[in-house]
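Let's walk through this model together, starting with the overall build and ending at the pocket. Keep the structure open beside you as you read.

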Amino acid sequence: MPVDTQVGEEELRHIRQDCEARWIFTTRSMADRFATLMADHDGRLMLLDVGQEDKRSFQRYLAELAKTFPSVDPHDPAVLFYTSGTTGLPKGVPLTHRNVTSNLFALMRQQLLSDKDRVLLPLPLHHVYPCTVGPLTPLASGVSVVLSHSADRSANPTGTDRW
């Protein structure tokens, strides 16, 4: 379930409680914000940008995983997106595995991507369209995906023109 990093504290707390998240995958820069949400609940905070030496490392978790995956039904929820909350607190909208794969297969049939392509993701992933078209379709097609640190050139951490 992707969440907008700019969502307010009240909305973030509501989303965490509403979806009953037991795991949060985030970055070091956002960890403190999410750690308070996990303190009151059984849960685990995983970091995507640390090495395996950190006990919160996503890489460490992957190394510990069993190599089997649970079976899923096409009608099982696959992802949960939250509305912008313009008429109150955000509401969760689930998409099933069938919803997601139907969109992926339709896009893949268009043969818009080849194995020589790389896709840059400039759009936020907490909305259905950019999440499906952005990382899911390229990854399902075997295409590399590039995540930028920010769409704001002033946020370029290297201070160069190279992204």
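**A guided tour of the chain**

The protein chain has 163 residues, of which 25% count as buried; buried here means under 20% relative accessible area, exposed over 50%, and partly exposed in between, with a 1.4 Å probe and protein chains only. Please bear in mind that this is a predicted model, in which local features need pLDDT of at least 70 and side-chain atom pairs count only at pLDDT 80 or more, while totals for chains, interfaces and linings use all residues. Residues are numbered from 1 along each chain as its sequence is written, and side-chain values use heavy atoms, with hydrogens and water left out.

The secondary structure of the chain comes to 5 helices and 6 strands, where helices (H or I, at least four residues) and strands (E, at least two) are DSSP runs numbered from the N terminus. Read from the N terminus, the order of elements is α-β-α-β-α-β-β-α-β-α-β. Contact means heavy atoms within 4.5 Å. Among contacts between residues at least 6 apart in sequence, 40% join residues at least 24 apart.

The largest nonpolar core has 10 residues: Val7, Leu12, Ile24, Met30, Ala31, Phe34, Leu37, Leu45, Leu47 and Val50. A nonpolar core is a set of buried Ala, Val, Leu, Ile, Met, Phe, Trp, Tyr and Cys residues joined through side-chain atoms within 4.5 Å. Helix 2 and strand 2 (44-47) each supply at least two residues of this core, and helix 2 gives the most, with 4 residues. Apart from this core lies another, of 6 residues, including Phe81, Leu95, Val100 and Leu104.

Once its neighbours within four places in sequence are set aside, Ala31 is in contact with Thr26, Leu45, Leu47 and Arg56. Val50 sits in the loop between strand 2 and helix 3 (58-64), and counts as buried because its relative accessibility is 12%. Which residues does Val50 touch, not counting those up to four places away in sequence? They are Arg28, Ser57 and Gln59. Val50 and Arg28 are 22 residues apart in sequence, yet their C-alpha atoms are 7.6 Å apart in space.

Take Thr132, which lies in helix 5 and is buried, with a relative accessible area of 8%. Leaving aside neighbours within four places in sequence, Thr132 is in contact with Asn103, Leu104, Leu107 and Thr137. Thr132 and Leu107 are 25 residues apart in sequence, with a C-alpha to C-alpha distance of 9.3 Å.

Next, a few backbone angles. Most residues other than glycine have a negative phi. Glu20, which is not a glycine, has a positive phi of about 55°. Glu20 is in the loop between helix 1 and strand 1, and counts as exposed because its relative accessibility is 59%. Just after helix 5, Gly142 takes a positive phi of about 75°.

Finally, the largest pocket holds about 2500 Å³ of space. The search uses a 1 Å grid over the protein atoms alone: a pocket is an open set of points where a 1.4 Å probe fits, with protein on both sides within 12 Å along at least five of seven lines, and lining residues have an atom within 4 Å of a point. Grid points are joined across faces, edges and corners, and the volume is the space filled by probe spheres set on the points. Of the 48 lining residues, the closest to the pocket's centre are Met1, Pro2, Val3, Phe25 and Leu125. The elements giving two or more residues to the lining are helix 1 (9-19), strand 1 (23-26), helix 2 (28-39), strand 3 (77-82), helix 5 (128-140) and strand 6 (144-147). By class, the lining has 33 nonpolar, 10 polar and 5 charged residues; Ala, Val, Leu, Ile, Met, Phe, Trp, Tyr, Cys and Pro count as nonpolar, Asp, Glu, Lys and Arg as charged, and the others, Gly among them, as polar.
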